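Subject: Handover of a structure and what was found in it

Dear colleague,

Please find below the structure that I am handing over to you.

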Amino acid sequence: MKLKLVISCFCLMACLLSFAQKSPAPFVNDDRIVFAGNSITEAGFYETYIWLYYITHFPERRITVYNGGIGGDVARQIYLRMDSDLLIKKPTVLSISFGMNDSRYFEYWMHKDKTDSVRKSAIDTAYKWFEKIRNKVNAYPGIKKIMMASSPYDETVKNGKDPFWGKFKTMEGIVAFQKEAAIKNNWPYVDLFYPMTDINLKGQQTDTAFTITGPDRIHPGNAGHLVMAYLFLKAQGLAGKPIAHVSINGKTGKLINADNATVTAINKKNNTVTFKYLAKSLPFPIDSTARVFLNPQKQYEALSVIPFIKEFNEEMLAVKSLDANKNYTLKIDGDVIKTFTGADLNEGINLALLSNTPQYQQAKKIMELQLKRKDLEDKLRAFYWISYDYLYDKGWFLQDSQAITDSIMAEAKKNPFINGKKEAYMETHTRSQRDALQKQMDAMADEMYKLAQPAEHIISIEKVD
């Protein structure tokens, strides 16, 4: 009876905690969102994908997303740069994520017989510095805070490399206090840790080398970053909002429904149906290039493990009452897109999967420009990495002199991390250089929103003789 009572109390407490957990609200016009984190955030892709979804799906809702990640950061370092790197961006929304580096690495090999003490020290230290972060940001009631649990350390993938056994469990301890703290402080909470772990474990049932993380068990590639963006957008309650859903009766030429789109001037003549089509959103373009250093993942590979297309990227067109066994050519603005059967069109086709439509090409231009903007922002993150991880302790923080640049160039000869960032630092080490770079980035953001504005197209469905 006592055991049953304990179990019942535990289940009740779990339910209450779940009920108390707050989800992040969708971003609104003029929001300035800063994502604070470590190298996973510094890579810049999950933030880019979240922003790209907003630009393409809500082109009338102007927001700005800032990368606030620095490789190697733990909670302490995020706290130390809170004023001079994160809050200085004047965020209306601040997402905070840490845990991968806080949970330690080689200590699990060096102190195999003291794993519990390593774990306790790691969790206690992370919590101590999180409390400082919490106190700092809670002094800004106008900023909406989001606690985001880290993507997981993949301890179970079989890749020929020994993992840091015990690190995953330490991360669980950090995730636990992050969730509890979010509830206590009434902050929204986004869990990346357990959903991505579930994806890894499920994939490894049939392929022991599968990972949505990466070869180093730490840094997700482009597929992993799309999963992270998907989980964040889903937590915001945005799943199921279509690009457009349009249905037309192909025999009568009558509009059945138009969701998030305007359909006018329907003309049914002989074996062709023509109409004007204006969707309020654009498709989310899927990238096919591996862009994360030393990780071969491509973004589209995530589509096999998450229902991103179904939940976030449907531009459905259905033309009812056509001959099921006949073929029909889809044209947009006079250009042939693809030929479908009447059965396909009656069921509905997803235009977002067709990369040769004008609306997809419009979205692709936004993606390409956004990647160029990201390249510029990467240079700024390299500047801050060197400023905090090398210059801070030397008393040279945010200063500029020949002695400083000479020191960096000398250190680069023996430090591979600085060597990889030294060129970007040289392009950004003066305030005027950084201001000019920011102006370029702002101009690119303006252009992205201009490119995202909906355009009307003429669609025709023509029966093939």
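Lys-136 counts as partly exposed, at a relative accessibility of 21%. In this scheme a residue is buried under 20% relative accessible area and exposed over 50%, with partly exposed in between, using a 1.4 Å probe and the protein chains only.

Please keep in mind that this is a predicted model, in which local features need pLDDT of at least 70 and side-chain atom pairs count only at pLDDT 80 or more, while totals for chains, interfaces and linings use all residues. Residues are numbered from 1 along each chain as its sequence is written, and side-chain values use heavy atoms, with hydrogens and water left out.

Salt bridges

Lys-136 has a partner: it forms a salt bridge with Asp-83, and the closest N and O atoms are 2.8 Å apart. This pair links distant parts of the chain, with Lys-136 in helix 7 (residues 115-137) and Asp-83 in helix 5, 53 residues apart. Asp-83 is also partly exposed, at 41% relative accessibility. A salt bridge here is a side-chain nitrogen of Lys or Arg within 4 Å of a carboxyl oxygen of Asp or Glu. Helices (H or I, at least four residues) and strands (E, at least two) are DSSP runs numbered from the N terminus.

How many salt bridges does this rule give? The count comes to 22. One of them joins the side chains of Lys-144 and Asp-31, at 3.8 Å from N to O. That pair, too, links distant parts of the chain: Lys-144 belongs to strand 4 (residues 144-148), Asp-31 lies in the loop between helix 1 (2-20) and strand 1 (32-37), and 113 residues separate them. Lys-144 is partly exposed, with a relative accessible area of 41%, whereas Asp-31 is buried, at 5%.

The side chains of Asp-435 and Arg-431 meet at 3.2 Å, N to O. The two residues are 4 apart in helix 16, so about one helical turn separates them. Asp-435 is partly exposed, with a relative accessible area of 36%, and Arg-431 is exposed, at 57%.

Salt bridges can also share residues: Asp-73, Arg-81, Asp-85, Lys-89 and Arg-381 are linked in a network.

Pockets

Pockets and cavities were found on a 1 Å grid over the protein atoms alone: a cavity is a set of points where a 1.4 Å probe fits but cannot get out, a pocket is an open set with protein on both sides within 12 Å along at least five of seven lines, and lining residues have an atom within 4 Å of a point. Grid points are joined across faces, edges and corners, and a volume is the space filled by probe spheres set on the points.

The second largest pocket has a volume of about 510 Å³. It is lined by 19 residues, and the closest to its centre are Ile-88, Tyr-384, Arg-431, Asp-435 and Gln-438. Strand 2 (64-69), helix 5 (82-86), helix 13 and helix 16 (431-451) each give two or more residues to this lining. Helix 16 supplies the largest share, 6 residues.

The largest pocket holds about 1100 Å³ of space. Among its 31 lining residues, Ser-39, Glu-42, His-219, Phe-293 and Lys-421 are the closest to the centre. Two or more lining residues come from each of helix 2 (39-42), helix 13 (358-391) and helix 15 (416-428). Helix 13 gives the most, 7 residues.

Cavities

There are 3 cavities of 30 Å³ or more. Residues that line it include Trp-51, Tyr-66, Arg-373 and Glu-377. Helix 3 (45-57), strand 2 and helix 13 each supply at least two residues of the lining, and the largest share, 4 residues, comes from helix 13.

A strand pair

Strand 6 (residues 244-249) and strand 7 (residues 255-259) pair in the antiparallel sense over 4 bridges; two strands pair if DSSP finds at least two bridges between them. Ser-247 stands opposite Asn-257 of strand 7. In this hairpin, 5 residues lie between the strands, and Gly-253 takes a positive phi near 75°.

With kind regards
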